[in-house]
Amino acid sequence: MNIHPTVREAAAIFSQAGKQIYLVGGAVRDLLRRGKAKDWDLATDARPEEVIALFKRPGSFVIPTGIKHGTVTLHFKDLKMEVTTFRSETGYSDGRRPDRVDFGVSIEADLSRRDFTMNAAAYRLPKGPLVDPFNGQVDIKKRHIRCVGNPEERFSEDGLRPMRALRFASQLDFTVDESLLAAIPDALPLTAKVAAERIRDEIDKIIVSNKPSTALRLMEQTGLLSMLIPELAACRGVEQDRINGMGYHRFDVLDHSLLTCDYAAHEGASLPLRLAALFHDIGKPVTAQKNEHGEQTFYRHEKESSRLTRNILLRLRHPNTVIEKTCRLIEEHMFSYDETWTDAAVRRFIIRAGEENLEDLYALRRADAYGTAGKEPSRTFLLPLKNHVEEILAQSKVLSLKDLAVSGKDLMELNIPPGKHMGIILNELLEAVIEDPELNTREKLLEIAGKINGRYL
Ligand code: ATP
Ligand code: MG
């Protein structure tokens, strides 16, 4: 077992004090799965107060992160470890958290309250043995997710577990046991009671995994998608028979959205960009309309997609920064460049999108194109637009009011009072300069401002 030397050192301190100490949870799973671990979860028969006392020493400190549930975070030398006292939980009357936590039983009892067999093996430190009462090692080899014991019972204790199972399927590329999947529909009312933040964390882990569609398809199959993100579930069966700028649509809106999100994941995109990829077309079911030629249209769907996405992300308690970025990308995703675009049109495009969003918008469109055709877009995809944008950005920039050669102060010299009226004039000047950058001199702009002002007198 490839165990971090600092973990071994900390474990030795438990052993010297006559306490049992085991590596558990994700750490054991990841060591068995691929020979290395990223987090270090430990379980012990020492009480939380005992752990705190044991590590009152130089170079270490203990934070009582979840002391009610027996969990403390041990900072020891260069490493952070979660240490949990053996526990057995009883009575989950609300399906959200145990009513009571009992400490100090055995490692076997502790393992039996864990969610999945792959998470329910423990490695006794320093030298073993591996305690694996539910054959987690076999399931890890088979890359298979199975509940510890009866899925209905386990879900009745904690309604988050169905989401955890599907999240692990996407993260680890594991299959999910049929009996586990079959128990999810009846557990939906329990999942509905789980705090939105806990659901959000699972959804975000799905979205940032290598293949989000694995979990999202299982969510659809088990009813979790209709319950948690009905706006996305509604995209099933919405056909798009229209040939658009990116070629012929081969998939319904849901399959298209999943492919687009997987491609963004494949490219290592950020969370907001992946969310934008998943939700960029959710306005389509609402805006679908046949035109006079009998073709399917989705007029202004990007606006509706952005509105619905804002609702979803607010409901799931995402931070504002994520919501704003995601919605901005969705709202701007429908640009379609051709050789008729003038320099002024490109400047307007840059201003609308925001210079800082350009790379993400290109990436979103690549993913969108992949999701449309089901194959890699050509290497020259978007190149004419990118080149034109580069050209414009290389010129002296006039992309906002602050780039104008005149300010409000200059206009006051023309007896234009500050206020709404001046704002209108400044914006007209900006429009003029976007059309023709040559106009951006103090002299020319004051002349134009005078004329505009005259119009309003
Ligand atoms: P990762 O940290 O990579 O998400 P993990 O398996 O370490 O995966 P944690 O949420 O850190 O997951 O939990 C640590 C361990 O605690 C799990 O491996 C599992 O044994 C147990 N566990 C966590 N959440 C639950 C739960 N809701 N029900 C039962 N056991 C749980
Ligand atoms: Mg963990």
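These legends go with close-up views of a predicted model. Residues are numbered from 1 along each chain as its sequence is written, while chains are lettered from A and ligands numbered from 1 in the order in which they are written. Local features need pLDDT of at least 70, side-chain atom pairs count only at pLDDT 80 or more, totals for chains, interfaces and linings use all residues, and side-chain values use heavy atoms, with hydrogens and water left out.

**View 1. The shell around ligand 1 has 16 residues.** A residue makes the list if one of its heavy atoms lies within 4 Å of the ligand. The closest are Arg 29, Arg 114, Asp 158, Arg 161 and Arg 167. Sort the shell by type and you get 12 charged residues, three polar and one nonpolar. Here Asp, Glu, Lys and Arg count as charged, Ala, Val, Leu, Ile, Met, Phe, Trp, Tyr, Cys and Pro as nonpolar, and the others, Gly among them, as polar. Helices α2 (25-34) and α7 (161-172) each put in at least two residues, and α7 gives the largest share, with four. Helices (H or I, at least four residues) and strands (E, at least two) are DSSP runs, numbered from the N terminus.

**View 2. Oxygen atoms of ligand 1 pair up with Gly 26, Arg 29 and Asp 39.** These are polar contacts, meaning pairs of N or O atoms within 3.5 Å. For Arg 29, a polar side-chain atom sits 2.7 Å from a ligand oxygen. Gly 26 uses a polar backbone atom, at 3.4 Å, whereas Asp 39 uses a side-chain N or O atom, at 3.4 Å. On its own the ligand would expose 580 Å², and the protein buries 79% of that; the areas come from the Shrake-Rupley method with a 1.4 Å probe.

**View 3. Helix α7 packs against α9 (residues 196-207).** Their axes, lines fitted to C-alpha atoms over the stretch in contact, are 9 Å apart and meet at an angle of about 15°. That makes the pair roughly parallel, a label for angles under 35 degrees on a scale from 0 to 180 degrees between N-to-C directions. The crossing is left-handed: the near helix is turned anticlockwise from the far one by less than a right angle.

**View 4. The loop between β8 (122-124) and β9 (130-131) holds Pro 126 and Pro 129.** Leu 125 and Pro 126 are joined by a cis peptide bond, with omega about 10°. The bond from Gly 128 to Pro 129 is cis too, with omega near 10°.

Technical notes. Polar contact = N/O pair within 3.5 Å; in protein donor to acceptor, adjacent residues only side chain to side chain. Parallel < 35°, antiparallel > 145°, perpendicular 65-115°, else oblique.
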